[in-house]
Amino acid sequence: MNQLILSDWLLRHLTQHAFPSRMPNHRRVYEAIRRAITEQVLPSGSRLPSTRNLATDLNVSRNTILAAFDQLLDEGYVAAKTGSGTYVVYKQTDDFVKNLTVNAPLESTSTHGLSKRGLAASESPESQLNSHEVQPFTPGEDDYSRFPIALWRRLLSRHWRALNPALLDSSHDGGYLPLRKSIADYLRVSRAVNLTLDQVIITSGTQQSIDLCARLLSDHNDCAWVENPCYWSARRVLEVNGLKLHPVNVDNEGMAPTTYDFRIKPRLIYTTPSHQYPKGVVMSYGRRRLILDYAQNSNAWVIEDDYDSEFRFEGRPISSLQGMDQHGRVIYLGTFSKVMYPGIRLGYMVVPPQLVSAFKNGLYELQRPGQVMIQAALADFIQEGHFASHIRRLRQTYGERRRLLQLALKPIASVGARLSMVDSGLHLVVEFDQAIDDVAVAQTASNIGLRVYPLSNYGFGENCEKGLIIGYAYAATEKITHYGKLLAEVIQTTLKTN
Ligand SMILES: Cc1ncc(COP(=O)(O)O)c(C=O)c1O
């Protein structure tokens, strides 16, 4: 643990705990450290800070710390290693843990004291697999090595040198104006979004945009229609905001509501019409009209997540749903995570005119947006034409990777697996028959260093679709055929034995 955090923890304990008034200082310090150890703030194996540093941080003499350490040593909580420091060696025994379980209220042991909302927010579908390590085919990972770092550094330092104090402030009016203007121009031309500059609001990515929509446009227990299967993180953030999710199946024309679905009136409709996540289908014109008309008639808001439309490898770009909306029911969301890098945490929303002021105020009050310096560098990146040429380069690279991977995976057709041939995005989907355990297939692939996600993690209910989501943006072009063949073998072997 970081020394300052530990010192803060100890100081808090020393000031808040009601020690007997005559207890000497070294005994208090000993008690505080012992508690840090038994409560696993300092787990077994952690190194204690040096006595000198700790004495300074806790504002006591070094002798006080030495005496406390001596007692911890005597009682076996810590051990000294010559020349390397003092380490925690104390381990909780099973009995101790069992006692805790018996005495503590049920909730605090099973949930670590988290609220229901906190539990929902902290559950991760990927925890079913064995690591979070990035491997070839990890969906959602881009090839950061393609990012023009030297150029980006130059643009950033240009603004740091000019040091305009306004760029150090948090952002008050929906974001840095020149960036909003660049985004507005880009969306008008490339995505046929219908907008004025005022409607563009910068956020820290799609995740935050969806969160803001949920908080500002819905109340607890309202219904949200989501696609089935659905982008995991959208689902998560809507649920955590107290919305009841109603999954609507996706067919080859996108979200496909039935008469049954139409009876379950939503407040929000979350959809990915340009490239359904994860299956990749494009919503047809008819479905777009249907969703927009239904939203208008039932007073619902449509959240259009247009997360990767920059990566369309063939054919004409697909226009946004927002561009067809005549009643101001669509909130359009975009992100810089895919084209720039995910850690940039910048995205944008285009909100209908009647919501502009509420969203700007809501964003400021709830989330205090900032990063204006980075917004300024990004505005330059777009205005000077780097954004367009970077997209062109990425499209070429990712398009080639996609083609090679599709070729390498062709043999899986022999065991009945179906490979999506959609020509956009950064991942492919392989579909299996219902009986196949896709989590097990993903685990087998992960065991040989190929991380793919099971499609069923994104579905709802018992009978969710089975398959794999395979990202190809991260794997190096010269290795992708090799990795693709390995993955094809895993799929063929596991499907044959099923
Ligand atoms: C469907 C979808 N929407 C949005 C995003 C990007 O989200 P963010 O802008 O929060 O990084 C992703 C990233 O993988 C995605 O798959």
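A residue is called buried here when its relative accessible area is under 20%, and exposed when that value is over 50%. With that cut-off in hand, this briefing on a predicted model turns to the protein chain as a whole and then to helix α4, which covers residues 62-74. Of the 498 residues in the protein chain, 53% are buried.

**Whole chain**
- The protein chain contains 18 helices and 14 strands, and its C-alpha trace spans about 80 × 65 × 50 Å along the principal axes.

**Surface and charge**
- The protein chain carries 54 positive and 49 negative side chains, with the centres of the two sets lying 4 Å apart.

**Helix α4**
- At 1.5 Å a residue, the 13 residues of α4 should span 18 Å, and this agrees with its end C-alpha atoms, which are 18 Å apart.
- The buried residues in α4 are T64, I65, A68, F69, Q71 and L72; because they cover an arc of only 160 degrees around the axis, they lie on the same side of α4.
- The buried residues of α4 pack against α2 (25-38) and α3 (51-58), as well as against the strands β1 (78-81) and β2 (85-88).
- On the face of α4 turned away from its buried side are the exposed residues N63 and D74.
- After α4 comes G76, which has a positive phi near 80 degrees.

Key: Residues numbered from 1 in each chain as written. Predicted model: local features only at pLDDT ≥ 70, side-chain atom pairs only at ≥ 80, totals over all residues. Heavy atoms only, no water. Helix = DSSP H or I, 4+ residues; strand = E, 2+ residues; numbered from the N terminus. Buried < 20%, exposed > 50% of the residue type's maximum accessible area, 1.4 Å probe, protein only. Lys, Arg positive; Asp, Glu negative; His and termini not counted. Charge placed at Lys NZ, Arg CZ, Asp CG, Glu CD. Expected span 1.5 Å × (residues − 1). Arc of directions from axis to C-beta. Contact = heavy atoms within 4.5 Å.
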